[in-house]
Amino acid sequence: MDLDRTLGRISAASADGYGIIVRRRKGPGDGWFSASELDRSGRVQALLLARVTGMAGPPEDHVKAEWMLESLARAVADLAGSFAVAGCQVPDLSPGNVLLAAEGGLFRASGIVSDEVVGSEDPAVLAAAIREGFAALVEPTVVWLDENGLRPAKTLWRAAADRLAQSLVWSGKAFDRPDLAQDLTRLAVGPDSPDRRLAIRIERAEDEWGEEFHLRNTCCLAYRTAGGRLCRSCPLVKDRG
């Protein structure tokens, strides 16, 4: 499947009541910036953190850090995972080719510049491309947050893996390929993942409507904010599955 056709499918897709924003653009501008700006200097990350707010005012800095990292991980995961499940291809995930858009300090959309892809019918090949590109894109932010005492790197890596797993559940539903999505999850961030930073337990449960969701290994800390509560997939919830 060619890139434009895959992009068309992604743009039209919906699951669990929402779609995702993935675009191809000529470059930064109009609210989009290059992922290469998320370097270890933390300049952009600091600007974004200052804009993060909760339902009843700005949360504590460690909660902001968690939310920002998780939103980055989800935006990158949506880009990589949707392409892999919809078209058996993974776009070039090098920082200079990936574009991001943020609102309120959190990442809301992702995009690419070039039409270069890794195409394969082998889930192992696709998962390796996802895992390696995903790790390279989130690593500078994980390192910066850890070095500034905002959140431990180990926790952030596991949270990022949870977000990748959640994104692939969505893609499996949206493109009616749940088995491929499950294989990609297991190979990319499962217990035997070659990148031990991303290795997490992969389990799913069903809600009252029979819809599957990923059982997280980490907590997003929403319950520690005014008006927040534990999510149904949170490891702190008893009998969640």
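How many helices and how many strands does the protein have? The protein contains six helices and eight strands, where helices (H or I, at least four residues) and strands (E, at least two) are DSSP runs numbered from the N terminus. The model is predicted, so that local features need pLDDT of at least 70 and side-chain atom pairs count only at pLDDT 80 or more, whereas totals for chains, interfaces and linings use all residues. Residues are numbered from 1 along each chain as its sequence is written, and side-chain values use heavy atoms, with hydrogens and water left out.

From the N terminus, the order of elements is α-β-β-α-α-β-β-β-β-α-α-α-β-β. The C-alpha trace spans about 45 × 45 × 35 Å along the principal axes. Of the 241 residues, 54% are buried (under 20% relative accessible area, 1.4 Å probe, protein chains only; exposed is over 50%, partly exposed in between).

The largest nonpolar core comprises 71 residues, a core being a set of buried Ala, Val, Leu, Ile, Met, Phe, Trp, Tyr and Cys residues joined through side-chain atoms within 4.5 Å. Helix H3 (61-87) and strand S5 (106-112) are among the elements that each supply at least two residues of this core, and H3 gives the most, with 16 residues. Phe-107 is one of the residues with the most contacts inside the core. Leaving aside neighbours within four places in sequence, the residues in contact with Phe-107 include Phe-33, Met-68, Leu-72 and Leu-100 (contact: heavy atoms within 4.5 Å).

Leu-230 lies in the segment after strand S8 (212-214). At 32% relative accessibility, Leu-230 counts as partly exposed.
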